[in-house]
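Please read the points below with the structure in view.

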Amino acid sequence: MNNLKTVSNEVNTQSTRASDKTENGTPIIMPGKETDKDLFLKMLVAQMSNQDPFNPQDPTQYVTQLAQFNSLEQMMNLNDGMEYLMGMTNGLLVNSAMSTATSLIGKKVEAYAPIEEPDGESSEGDSSEDSDKKTLTGVVEGVHMKDGIVYMDVRIDETKELKSIEYAALIKVSDNNTNTEK
């Protein structure tokens, strides 16, 4: 008889796990899964509807829980608003950088050179001090964006090679007149 109970409990446990619900039909929330305000409200309603009528809970607890629910909802709305503002701000900054970089087409610029990596790729590393970084000069011939970063296509004075340089690496801008130095 005792073995029959153990088998029955194992079957109930396995069927409960398979459906992700308790015996009462309440969903099981696993650790690490996201919860939201709807779940909080459902729990509060279930708590209120399943209380013992002969031993009701203190009504101030419900007021406290409703206040917590309201705070949670306001924080979630504030978080959504902040994410929206951050997206808008990032879009405006990229748009502004692209517009400013476009206005540099035809102008002579000086910029930090991308540091050449041993595998042939380039990066804008901070491994050395500003005084040790190599600078390039040339004329901006175009502008493009890749992965949200604005690049200037610069025709390098020394090699006449067209190089993409990050807009953030810009040091100095001057007119493209060759007779500017006296």
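1. The structure is a predicted model. Its chain has a mean pLDDT of 75, with 71% of the residues at 70 or more. Where pLDDT is low, the predicted coordinates should not be read in detail.

2. Three helices and seven strands make up the secondary structure of the chain. Read from the N terminus, the order of elements is α-α-α-β-β-β-β-β-β-β.

3. Five strands form an open sheet with antiparallel pairing, in the order 6-5-4-1-7. Strand 6 (162-166) and strand 7 (170-174) each have a single partner strand, so one side of each lacks a neighbour in the sheet. From one strand to the next, the twist averages 45 degrees.

4. Within this sheet, strand 4 (residues 135-146) pairs with strand 5 (residues 149-156) in the antiparallel sense over eight bridges. V139 lies opposite R155 in strand 5. Helix 3 (residues 59-102) packs on the sheet and touches both strand 4 and strand 5. The direction of helix 3 makes about 130 degrees with that of strand 4.

5. Of the 182 residues in the chain, 15% are buried. The chain exposes about 14100 Å², of which carbon and sulfur atoms supply 53%. Among contacts with a separation of 6 or more, 47% join residues 24 or more positions apart.

Notes
Residues are numbered from 1 along each chain as its sequence is written. This is a predicted model: local features need pLDDT of at least 70, side-chain atom pairs count only at pLDDT 80 or more; totals for chains, interfaces and linings use all residues. Side-chain values use heavy atoms; hydrogens and water are left out. Two strands pair if DSSP finds at least two bridges between them. Helices (H or I, at least four residues) and strands (E, at least two) are DSSP runs, numbered from the N terminus. Axes are lines fitted to C-alpha atoms, for helices over the stretch in contact, and angles run from 0 to 180 degrees between N-to-C directions. Contact means heavy atoms within 4.5 Å. pLDDT is the predictor's confidence in each residue, from 0 to 100. Buried means under 20% relative accessible area, exposed over 50%, partly exposed in between (1.4 Å probe, protein chains only). Accessible areas come from the Shrake-Rupley method with a 1.4 Å probe; for residues, only the protein chains shown count as cover.
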